[in-house]
Number of protein chains: 2
Amino acid sequence: MKRRTFLTAAIATVISTKAFATNFIANEVKPFSESKFKILALVFDDYETLDLHGPIEMLGHMKDVEIKLIGATDIVPSYQGPRVLTNLPLVITECDLLIIPGGLGTRKEIDNVILLDWLKSQTEVSTKVFSICTGSVLLAKAGILDGLNATTNKMAYRWVTSISNKVKWHSKSRWVDDGKFLTSSGVSAGTDAALYFISQLRGLDEANRIERLAEYSWNSDRLNDPYSVKE
Amino acid sequence: MKRRTFLTAAIATVISTKAFATNFIANEVKPFSESKFKILALVFDDYETLDLHGPIEMLGHMKDVEIKLIGATDIVPSYQGPRVLTNLPLVITECDLLIIPGGLGTRKEIDNVILLDWLKSQTEVSTKVFSICTGSVLLAKAGILDGLNATTNKMAYRWVTSISNKVKWHSKSRWVDDGKFLTSSGVSAGTDAALYFISQLRGLDEANRIERLAEYSWNSDRLNDPYSVKE
């Protein structure tokens with residue numbers, strides 16, 4: 001880890017620990033089980049419900065998986081209202097998959113320097129990073145997607161792409177997989193992208209097993225994007 | 001309200017209030033805003049993530065809607081692990097729409113007499129009742145669906161239908177709407193049924209607006225059921 005990154009991580013940890021001490025009231029902070037596939041999902045006020053819970057539905061049916069929520073506060077309401085409880089404050093946490101949902105809350109979080117600093121350090125200790133919807137705007141703003149192929153919510157396409165011209169944005173794709181970073185289009189596209197990720201990680205049979213279990217109709221062709229944007 | 005029903009409701013309220021006093025630690029218990037469309041969603045341990053959050057995604061985009069979670073404890077983990085925080089303990093609460101998700105947790109809850117008694121009283125003060133997946137097994141066990149048309153999860157079809165032969169079970173239908181009771185097939189079918197409900201309540205244009213907003217591909221034909229069961 002470079003010195004600057006280490007310092008950023010340390011600052012984020014200190015700030016989070018303070019937030020934890022004053023604000024975390026109902027959480028058990030336990031590390032991931034070493035034997036599990038570790039999924040960490042960021043939540044923030046006004047995240048979009050299905051951005052988070054669509055992928056969690058599918059990924060959570062894989063064997064030997066553990067899912068933890070991470071956020072700046074212990075209680076986090078979605079845009080639709082219901083609240084989730086985080087497992088971890090914003091500390092840097094090694095994981096196999098980092099999930100970044102989108103939603104109206106990104107309009108505020110895009111100016112949250114602490115969150116963006118955490119994101120930079122957190123992506124370094126995450127094997128794979130998976131953004132859904134406007135979650136990619138946070139990665140783009142932090143400069144994490146510079147030079148990479150990515151996509152985002154097609155209803156908010158002009159706003160997201162205006163934030164960074166250093167990203168190779170795709171206007172017609174349900175998801176884009178560029179090495180470490182998997183980015184999906186809006187809301188429901190995250191569920192399709194999650195099944196794609198499962199197929200890559202555990203094979204197509206496993207993705208199809210989970211698709212059936214959820215009585216889902218998986219759009220498995222990323223170029224079949226009914227909401228593509230004309231540029 | 002008949003005397004027996006009133007007594008059942010009163011017992012459930014007393015039991016819940018006790019649970020509330022000892023167990024509710026982090027909740028603000030506020031009544032619904034009178035001017036809103038009131039949606040109450042039951043949660044229990046090991047509910048299925050998408051059963052709840054798929055419908056909440058779609059219904060939560062309607063204008064003037066308020067969604068509250070209700071359950072026996074304040075913190076409720078889904079089968080996939082992440083935890084939601086309830087807004088209300090199991091008290092009888094008037095609402096416009098009552099949501100009953102399914103999931104592995106129904107195997108235990110089907111023998112929870114307190115929950116089933118609450119369900120009987122709660123359905124009486126709910127204008128519409130919407131079950132997803134194996135959520136219908138709780139309604140069936142409580143005798144609430146006797147004589148009515150309904151459907152359920154197709155992967156657990158034989159188990160659910162074995163619980164009550166007084167229900168007219170449909171083996172090929174993404175959802176069944178029989179007056180007060182809307183029942184959907186497994187997991188993802190709840191999202192399609194939610195859009196159907198929106199189209200009935202607020203018109204097809206509103207359902208299509210929300211479908212686009214979520215970049216979803218709505219299966220709007222209930223008889224187009226890829227997971228139908230041969231009987």
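**Exercise 1. Describe the hairpin formed by β9(A) and β10(A), and state which residue in the turn has a positive phi.**

Solution. β9(A) and β10(A) form a hairpin with two residues between them, and A:Gly179 in the turn has a positive phi of about 65°; strands here are DSSP runs of E with at least two residues, helices are runs of H or I with at least four, and both are numbered from the N terminus. This is a predicted model, in which local features need pLDDT of at least 70 and side-chain atom pairs count only at pLDDT 80 or more, while totals for chains, interfaces and linings use all residues. Side-chain values use heavy atoms without hydrogens or water, residues are numbered from 1 along each chain as its sequence is written, and chains are lettered from A and ligands numbered from 1 in the order in which they are written.

The next step is the pairing itself: four bridges join β9 (residues 175-178) of chain A to β10 (residues 181-184) of chain A, and the two strands run antiparallel, where pairing requires that DSSP finds at least two bridges between the strands.

**Exercise 2. Determine which rotation superposes chain B on chain A, and which residue of chain B comes closest to the axis.**

Solution. Superposing by least squares on the C-alpha atoms of residues with pLDDT of at least 70 in both copies, one finds a rotation of 180° with 0.0 Å of shift along its axis, at an RMSD of 0.0 Å. The two copies are therefore related as by a two-fold rotation axis. Of the residues of chain B, B:Val84 comes closest to this axis, its C-alpha lying at 2.1 Å. B:Val84, in β4(B), stands opposite A:Val84, and three bridges join β4 (residues 83-85) of chain A to β4(B) in an antiparallel arrangement.

**Exercise 3. Characterise the interface of chain B and chain A by its contacts, buried area and composition.**

Solution. Begin with the contacts (heavy atoms within 4.5 Å): 41 residues of chain B touch 41 residues of chain A. The chains bury about 3400 Å² between them, 55% of it on carbon and sulfur atoms, buried area being the accessible area (1.4 Å probe) that two parts lose on being put together, summed over both. B:Arg83, B:Glu215 and B:Tyr227 supply 24% of the area that chain B buries against chain A, more than any other three residues.

As for composition, the residues on the side of chain B that touches chain A divide into 18 nonpolar, 14 polar and nine charged, where Ala, Val, Leu, Ile, Met, Phe, Trp, Tyr, Cys and Pro count as nonpolar, Asp, Glu, Lys and Arg as charged, and the others, Gly among them, as polar.
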